[in-house]
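Please look at the structure below before reading the points that follow.

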Amino acid sequence: MKKKIKININGKPKIVSENSKLIDLIKKLKIPIKKVAIELNYEILDKKKIKNIYLKSNDKIEIVHFIGGG
Amino acid sequence: MIAKKKFSSRLIVGTGKYRSMTECAKAVKLSGADIVTVAVRRVNISDKKKPLLMDFIDPKKITYLPNTAGCFNSKEALRTLRLAREIGGWKLVKLEVLGDKKNLFPEMIETLKSTEILSKEGFKVMVYCNDDPLMAKRLENSGACAIMPLAAPIGSGLGILNKVNIKIIRKQTKLPLIIDAGLGEASDATIAMELGCDGVLVNSAIALAKKPLSMALAFKNAVIAGRQSYLSGRIKKNLMGAASSPVNGII
């Protein structure tokens, strides 16, 4: 069985398999990648280059989008 | 004209506080605005069915102006706008750094710092600020592409509290001057335009009106009327009356 690691996504803890890819998590969560921005450990990711990013224990991910505002 | 780009409407509308996204989209359409402000927030991971703003207002047709609402220092504001740029490559942004949770007045020292940094990074920064002519000048020197003084506290609906300051700012700057925040009814927008402003930004006054769609239309017309009135040149104010009908030939 694969080892599990704990990450934090949008302020909530989440358990994922070790060696899983960030892109697969985003797809699994059905997040429309074109309409969001992603931050990994306080660094903004270039969406064109995220294919090969693997998740590590305690990674902090923020995924944001546009909502109504003044 | 903002940052060398021409827009057809002088009214910018916010997209917050509407009862539904459908209503928001309809109001935007009726207002005739071609710029809308939007906020940057976390995606709801657990509820994937929540409607997305982009599905209601097409960013290809309407310019999204990301704001930094809810940011209380330069660091937060910069983080927010850098993320906004990554969402869709927008460079035109609304900087809004607040200093007090109750009155929502802008924290001008942090605003000034952020304007400088963002401009250097290539952002076109439209800056929410207080109605202080000296601060407006400093923002201009820091690279702001538009000066957006408040009329009154955000969401207060009090209308333009300091017309004199707005007039002074108008006189000293050639940058787009847009009244942002505090308007309550359509006539407030007319007054702003008559003071010589280039545009107004309205959210609460439309979104929270009893009939938001009707109010969106009212603001559209108010801005057009105000601009035309400003360009037409008003008459002088006199203490005494001056009859409109000729005195000669009175029976």
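1. In this predicted model, α3(B) and α4(B) cross in a right-handed sense. Helix α3 of chain B covers residues 74–88 and helix α4 of chain B covers residues 108–120. The angle between them is about 35°, and their axes lie 9 Å apart.

2. On the α3(B) side, the residues that make this contact are B:Ser74, B:Ala77, B:Leu78 and B:Leu81. From α4(B) come B:Glu110, B:Lys113, B:Ser114, B:Ile117 and B:Leu118. Sorted by class, the contact of the two helices has five nonpolar residues, two polar and two charged.

3. How many residues does each chain bring to the contact between chain B and chain A? Chain B contributes 27 residues and chain A contributes 20. The chain B side consists of 15 nonpolar, seven polar and five charged residues.

4. Which elements of chain B give two or more residues to the side that touches chain A? They are β2 (35–42), α2 (53–56), β3 (63–66) and α3. Of these, β2(B) gives the most, with six residues.

Note on methods:
Residues are numbered from 1 along each chain as its sequence is written. Chains are lettered from A and ligands numbered from 1 in the order in which they are written. This is a predicted model: local features need pLDDT of at least 70, side-chain atom pairs count only at pLDDT 80 or more; totals for chains, interfaces and linings use all residues. Axes are lines fitted to C-alpha atoms, for helices over the stretch in contact, and angles run from 0 to 180 degrees between N-to-C directions. Helices (H or I, at least four residues) and strands (E, at least two) are DSSP runs, numbered from the N terminus. A crossing is left-handed if the near helix is turned anticlockwise from the far one by less than a right angle, and right-handed if clockwise. Two residues are in contact if their C-beta atoms, placed from the backbone, lie within 7 Å. Ala, Val, Leu, Ile, Met, Phe, Trp, Tyr, Cys and Pro count as nonpolar, Asp, Glu, Lys and Arg as charged, and the others, Gly among them, as polar.
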